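I record the definitions where they are first needed.

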Amino acid sequence: MAEQREFFYRRLHSFLGVVPIGIFLVQHLVVNHFAVYGEESFNQAAGFMAGLPFVLLLEIFVIYLPILFHAILGVYIVFTARNNVSRYGFFRNWMFKIQRITGIITLVFLAWHVFETRVQIGLGNAELDYSLMEGILTNPFMFWFYVIGVLSAVFHFANGLWSFLVTWGITQSPKSQQISTYACIGVFLVVSYLGVRTLIQFAYGV
């Protein structure tokens, strides 16, 4: 029973990492990328997302609760999983280790990002617009903090997507897993570009 329960939790952890958390990550970075086309474009895109019906319920049940579950179980996995990098050094073993490291970095980054944006907005100390992110990212330390955080989050998603395909039996053969490796690398590069390009726009206006 204990093994079946752990198997179920691991599968649920993998599923939530891709649906809905991964989808939300990509959507969030795509919306933020409107900043590249100007302040007005970003404010309109952000305003549209903030004005969705039942937005608070969507955020709680589609974003915050799945992230909370994924994070709690993820921390448990980090401290109980056995890493064999020094012994074997296989590519996937390294990906396993980096997945855990980026998970912790992403959790810290996400907590700070939510505090700096959602919490401050809820307290009435800020408004969700272009100037909010511009004010944050013109600080060089915060710019690089966000770059590391975004890259960690995107890597964690892209590599987690590969694991999801294996865990759910979608890619079972070595050939299909090799193809999915290249596909997930492509996902990482494209989504990372969207995120970092947006940060550069906010920080330097270019």
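I looked up the neighbours of helix 6 and found that its buried residues pack against helix 3 (39-50), helix 5, helix 7 (140-167) and helix 8 (174-204). Contact means heavy atoms within 4.5 Å; buried means under 20% relative accessible area with a 1.4 Å probe, protein chains only. Helices are DSSP runs of H or I with at least four residues, numbered from the N terminus.

The model is predicted: local features need pLDDT of at least 70, side-chain atom pairs count only at pLDDT 80 or more, and totals for chains, interfaces and linings use all residues. Residues are numbered from 1 along each chain as its sequence is written, and side-chain values use heavy atoms, without hydrogens and water.

I then listed the buried residues of helix 6: Tyr130, Leu132, Met133, Ile136 and Leu137. They lie on the same side of helix 6, because they cover an arc of only 165° around the axis, taken from the directions from the helix axis to the C-beta atoms.

I next examined helix 5 (residues 91-122) against helix 6 (residues 130-137): the angle is about 145° and the axes are 12 Å apart. Axes are lines fitted to C-alpha atoms over the stretch in contact, and angles run from 0 to 180 degrees between N-to-C directions. His113, Glu116, Thr117 and Ile121 of helix 5 meet Leu132, Met133 and Ile136 of helix 6.

Finally, I checked Ala35, in the loop between helix 2 (21-32) and helix 3. Ala35 counts as buried because its relative accessibility is 0%. Leaving out residues up to four places away in sequence, Ala35 touches Phe42, Tyr130, Thr198, Gln201 and Phe202.

Note on methods:
Helix = DSSP H or I, 4+ residues; strand = E, 2+ residues; numbered from the N terminus. Buried < 20%, exposed > 50% of the residue type's maximum accessible area, 1.4 Å probe, protein only.
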